[in-house]
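Visitor: I am new to reading protein models. Could you walk me through this one with some questions and answers?

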Amino acid sequence: MTAVFVHGVPETAAIWDRLRGELNCESVTLALPGFGTARPDGFGATMDEYAAWLATELTSIGGSIDLVGHDWGGILTARIAATKRVPLRSWVSDSAAAITPDFVWGDLQRGWQTPGDGEAFWAVLLADRPQAAGLLAAVGVPDGDSLAMAEALNQTMVDAILDLYRSAVAIGSDWGHSTLAANNGLVLVGGADPLGDVERSRAVAATLGAEFETIDGAGHWWPLERATEGARALEGFWARCN
């Protein structure tokens, strides 16, 4: 099997380094276009384009894949799994709740989706990396990682973030029909995630026919703050998969 890890926003594939170091299996990371990588010419950075990109990457890897996604990577993972777009041995997501019909974004994300407001928000952070690090720390990024994450921000990433979120204003109605049972799934969330909803995630897991597990006391960025516990949860789940 190959464990494939997909990051979220505003992150790079480096968010998985600590956790992957705790695993006893082969693993690879995929970097979303525009996030620490170039944005291909003509790539609109919409949610549908990212889903298509991920499907293509997974098909290229082939074989027996255990797909793991965090944040937007988790949304894309749930989309791939629910629609059975690519054969997977298993899937793990901490953001599967976004593909439910009644999903609504929070105030922060709705601000990014508003022309002008989103550009202004990110312009301030691009101009002041310590302030960006402080904001990331305030929503749970460990202090030792918040500055590195802030320093990885650039205009290419910001443009991709804005395009992605603005394509996903109606994600609940657009992707919320994806309720097909997806075998060998796990919804794994931080029990103290300020950006998530544990009970909604539990209900989504049941709808998708997936297992559900929390990392007690962990926040949104559990791959950074609780890498060892996250790795053990993944390995335990994979051992139960057919």
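Visitor: Is A45 buried or exposed?

Guide: This is a predicted model, in which local features need pLDDT of at least 70, side-chain atom pairs count only at pLDDT 80 or more, and totals for chains, interfaces and linings use all residues. Residues are numbered from 1 along each chain as its sequence is written, and side-chain values use heavy atoms, with hydrogens and water left out. Buried means under 20% relative accessible area, exposed over 50%, and partly exposed in between, with a 1.4 Å probe and protein chains only. Because the relative accessible area of A45 is 0%, A45 is buried.

Visitor: Where is A45 found, and what is its phi near?

Guide: Helices (H or I, at least four residues) and strands (E, at least two) are DSSP runs, numbered from the N terminus. A45 is in the loop between β2 (27-30) and α2. Most residues other than glycine have a negative phi. A45 is not a glycine, yet its phi is positive, near 60 degrees.

Visitor: Which loop holds K84, and is K84 buried or partly exposed?

Guide: K84 is not a glycine either, and it has a positive phi of about 55 degrees. Its loop lies between α3 and β4 (90-93). Because its relative accessibility is 49%, K84 counts as partly exposed.

Visitor: What is omega for the peptide bond that joins V9 and P10?

Guide: P10 is in the loop between β1 (2-6) and α1 (17-20). Most peptide bonds are trans. The bond that joins V9 and P10 is cis, with omega about -5 degrees.

Visitor: With which side chain does the side chain of D66 make a polar contact?

Guide: D66 is in strand β3 (residues 65-69), and because its relative accessible area is 0%, it is buried. Contact means heavy atoms within 4.5 Å, and beyond four places in sequence D66 is in contact with residues including M1, S90 and W238. A polar contact is a pair of N or O atoms within 3.5 Å; within protein, one must be able to donate a hydrogen and the other to accept it, and residues adjacent in sequence count only if both atoms are side-chain atoms. At 2.9 Å, the partner side chain is that of R89.

Visitor: How far apart are the end C-alpha atoms of helix α8?

Guide: The expected span of a helix is 1.5 Å times one less than its number of residues. Helix α8 (residues 155-167) has 13 residues, so it should span 18 Å. The distance in the model agrees: 18 Å.

Visitor: Which residue caps the N-terminal end of α8?

Guide: The buried residues of α8 include M157, I161 and Y165, and what covers the buried residues includes α2 (47-61) and α3 (72-83). At the N-terminal end, a side-chain oxygen of the capping residue lies 3.2 Å from the backbone nitrogen of T156. That capping residue is N154.

Visitor: At what angle do α5 and helix α6 pack?

Guide: Axes are lines fitted to C-alpha atoms, for helices over the stretch in contact, and angles run from 0 to 180 degrees between N-to-C directions. The axes of α5 and α6 (residues 129-138) are 5 Å apart. Among the residues that make the contact are F121 of α5 and L135 of α6. The packing angle is about 115 degrees.

Visitor: Which element has the highest mean pLDDT?

Guide: pLDDT is the predictor's confidence in each residue, from 0 to 100. The mean for the protein is 94. Among the elements, α10 has the lowest mean (90), and the highest (98) belongs to α8.
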